[in-house]
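Please open the model in the viewer and keep the selection tool at hand.

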Amino acid sequence: PIFSALAALATFLLVNEVKGTGAGLVSAAFLAIVPSYISRSVAGSYDNESVAIFALIFTFYLYCRSLNSGSLSSAVLLCFGYLYMVASWGGYTFIINLIPM
């Protein structure tokens, strides 16, 4: 349950950074009710996918934040977020290849 709430918060932060507060709230609400996410987090799986999904969304948020702000502190936070995502999930290479596209 903790990582589900953190994933909803990270989704809000990501979409808030890109589109605005209203879109961030709607996207966090959608994440909270999507059946495929619920089955991978609270209600179904006991694997590490809930941790990995939070890390992935939070890393994308930090990436957008560091691009928008251009500050060194945001880039350092992005490095630590990326390290956390890589350490928590082995399938990160499939998703992270979307950034160059």
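A residue is called buried when its relative accessible area is under 20%, exposed when it is over 50%, and partly exposed in between, with a 1.4 Å probe and protein chains only. The model is predicted, so local features need pLDDT of at least 70 and side-chain atom pairs count only at pLDDT 80 or more, while totals for chains, interfaces and linings use all residues. Residues are numbered from 1 along each chain as its sequence is written, and side-chain values use heavy atoms, with hydrogens and water left out.

**First selection: Ser 50.** This residue belongs to helix α4, which covers residues 49–69. Helices here are DSSP runs (H or I, at least four residues), numbered from the N terminus. Ser 50 is buried, because its relative accessible area is 13%.

**Next selection: helices α1 and α4.** Two packed helices are described by the angle between their axes and the distance between the axes. Axes are lines fitted to C-alpha atoms, for helices over the stretch in contact, and angles run from 0 to 180 degrees between N-to-C directions. Helix α1 comprises residues 2–18, and its axis lies 9 Å from that of α4 at an angle of about 25 degrees. The two are therefore roughly parallel, a term for angles under 35 degrees, whereas angles over 145 count as roughly antiparallel.

**Next selection: helices α1 and α2.** Here the axes are 7 Å apart and the angle is about 150 degrees; α1 and α2 are therefore roughly antiparallel. Helix α2 spans residues 21–33 and includes Thr 21. Thr 21 counts as partly exposed, because its relative accessibility is 45%. Please select Cys 64 as well: its C-alpha atom is 15 Å from that of Thr 21, although 43 residues separate the two in sequence.

**Next selection: helices α4 and α5.** Their axes come within 9 Å and cross at roughly 160 degrees, so α4 and α5 are roughly antiparallel to each other.

Val 76 is found in helix α5, residues 72–88. Is Val 76 buried or partly exposed? Val 76 counts as partly exposed, because its relative accessibility is 39%.

Definitions and conventions:
Angles under 35 degrees count as roughly parallel, over 145 as roughly antiparallel, 65 to 115 as roughly perpendicular and the rest as oblique.
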